[in-house]
Amino acid sequence: MKRTLSLFSALLMLHAAFAQIVPLGQPISTSLTDDFNPSVSGNGKTLLYEVIYRTSNKADVMISNQVNGVWSMPTVVAGVNTEIEQITNGGYFINHNGNMILFHSSRYRGLGGTDIWYTEKNEAGVWSAPTNFAKPINSAGNEIDPSMSPDGKFLYFTLLGDKKTPAGLPCGKIMVSERISSNTWKAPVELPAPINTGCECGGKLLSDNKTFIFSSVREGGKGGFDFYKSTMNADGSFSAPVNFAFVNTPADDKYISIAAGGSMMYAAAPGKGKDERDIVRAKVPEDMQPEMVKLYQGKIKNASDEKSLVGQITVTDIATGKNMIYRTAADGSYSVPVLAKGNYDISVFAAAPGYTYNSFLLQETSPIKYEEKNVSFTLTPLTAGTEIELKNLTFNEISATDNASVLELNRAKLLLKLNPALSFEVRAYTDEIISDSVRHTAMDKEIINPDDSSTTYSNDYSQEEAKYIYDYLVQGGIPASRISYKGMGANEADKKKRYILVVK
């Protein structure tokens, strides 16, 4: 393998720049290897990095997992490296969920010089044979340094050009492609200024889905490639990049990795031996950190047998309606960052029809800080009598008008559309029923007894609310023949309002 020594090759000033630099040490870095290009998963618990064995000049790609704060003995990721010296491999990146590795390679069956490839971990935890992204991602040119947005929707990479830096390194422009389906992508487009100015590489979108870090040779830098941070705005534009002055050096600075917590970065720095590099971690200044997130992680499982389910988790900003969709790994595991600031609707669906869904509201709490939430979701097979609770549904004068309620109703509609062979009954419960000859609130409805024409007033709107849900689903395209509705009166079990779909 032809090695590429373009990553943190001369960070002679790094120790001076950081007061809190911590070498990872053994078993990650040893005196027998040159270690560089670290990439960490979203939770920072999986580390991918490159090594060159000092005794043989052979290269490998290693992976390690952190358990209780201790890194496991690194193992080789089989298949992603090649033994042939003339083949270039590099730019290794592990995705947010830790189940996909992206890299560039000039190996056989590529489309151009260097192409973007990937390998995925299957349900048994085995990495697949590398797959070429093919067109339109790859071309007859040289594509390097791939990365993927936390939700897997966007693929970033560098397309090299003819220009070179004063040190002789190739310049490129950062490209982005949007996912259309599982294996298809839109034609890549160049990121606009101020990201691309003529010599960029190594773009990565961090866990807040806003902060974009990359390397660039531009005016105002310390020399060679420097790290920069920019913020992606809601309209897709970018803020003016800010130099990572706390870490940049006069040398070429090209590869760092920052996990969801945002406060810790991983890099390579000079080791104890001559020309040796070791993996280190260091504190990121607060003003350079991404926005704080709450990181939800766990698995989706079948409630009937506890087996893993492939599925997706949708995070929707309740105020704007903007959503992001996160797909699980083959073993049902997920890792979903949700901004700590704001209120969000979370929904969990299986990839295949025939299961209930889960949903909950995530509301902003103080203080705004990074948190990890370990939550597994169980989805129940849809059979006669199965109940699906519409958890986020609330009524105001017999109308579900707030954004969270509309999202819940649309979710129920989607469930029915995904399962066209099933019929459902809508049931609505109220918390308690108060009936009196005197109207206590303007909301109380009037009931006239047909036998003696006497009038009573009641707060029981369960029948009307059930019909509202029924009407919403029918107006949304669900055949009326598949749905019925019923007001159930008071919920004697826990004295709370409740709305459910029941499989007939």
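User: What should I know about the model before we start?
Analyst: It is a predicted model, in which local features need pLDDT of at least 70, side-chain atom pairs count only at pLDDT 80 or more, and totals for chains, interfaces and linings use all residues. Residues are numbered from 1 along each chain as its sequence is written, and side-chain values use heavy atoms, with hydrogens and water left out.

User: How many disulfides are there?
Analyst: The structure holds one disulfide, that is, a pair of cysteine sulfur atoms within 2.5 Å. Cys 171 is joined to Cys 199, with an S to S distance of 1.9 Å.

User: Where do Cys 171 and Cys 199 lie?
Analyst: Cys 171 is in strand 13 and Cys 199 is in the loop between strand 14 and strand 15 (200-205), so the pair ties together parts that are 28 residues apart in sequence. Strands here are DSSP runs (E, at least two residues), numbered from the N terminus.

User: Are those two cysteines buried or exposed?
Analyst: Both Cys 171 and Cys 199 are buried, where buried means under 20% relative accessible area (1.4 Å probe, protein chains only).

User: And what about Cys 201?
Analyst: Cys 201 is in no disulfide, and the nearest cysteine sulfur, that of Cys 199, is 7.3 Å away. Cys 201 counts as buried, at 2% relative accessibility.

User: Changing topic, what is the volume of the largest pocket?
Analyst: The volume of the largest pocket is about 940 Å³. A pocket is an open set of points on a 1 Å grid over the protein atoms alone, where a 1.4 Å probe fits, with protein on both sides within 12 Å along at least five of seven lines. The volume is the space filled by probe spheres set on the points, which are joined across faces, edges and corners.

User: Which residues line the largest pocket?
Analyst: There are 40 lining residues, and Phe 154, Asn 209, Met 232, Lys 322 and Met 324 lie nearest the centre. A lining residue has an atom within 4 Å of a point. Strand 24 gives the largest share of this lining, five residues.

User: And the second largest pocket?
Analyst: The second largest pocket holds about 590 Å³ of space. Of its 30 lining residues, Asn 99, Met 100, Glu 120, Arg 179 and Arg 327 are the closest to its centre. Strand 25 gives the most to this lining, with three residues.

User: Finally, what does Thr 314 touch?
Analyst: Thr 314, found in strand 23, touches Asn 323, Met 324, Ile 325, Asp 345, Ile 346 and Ser 347, not counting residues up to four places away in sequence. Contact means heavy atoms within 4.5 Å. Thr 314 is buried, with a relative accessible area of 12%.

Methods: Helix = DSSP H or I, 4+ residues; strand = E, 2+ residues; numbered from the N terminus. Buried < 20%, exposed > 50% of the residue type's maximum accessible area, 1.4 Å probe, protein only.
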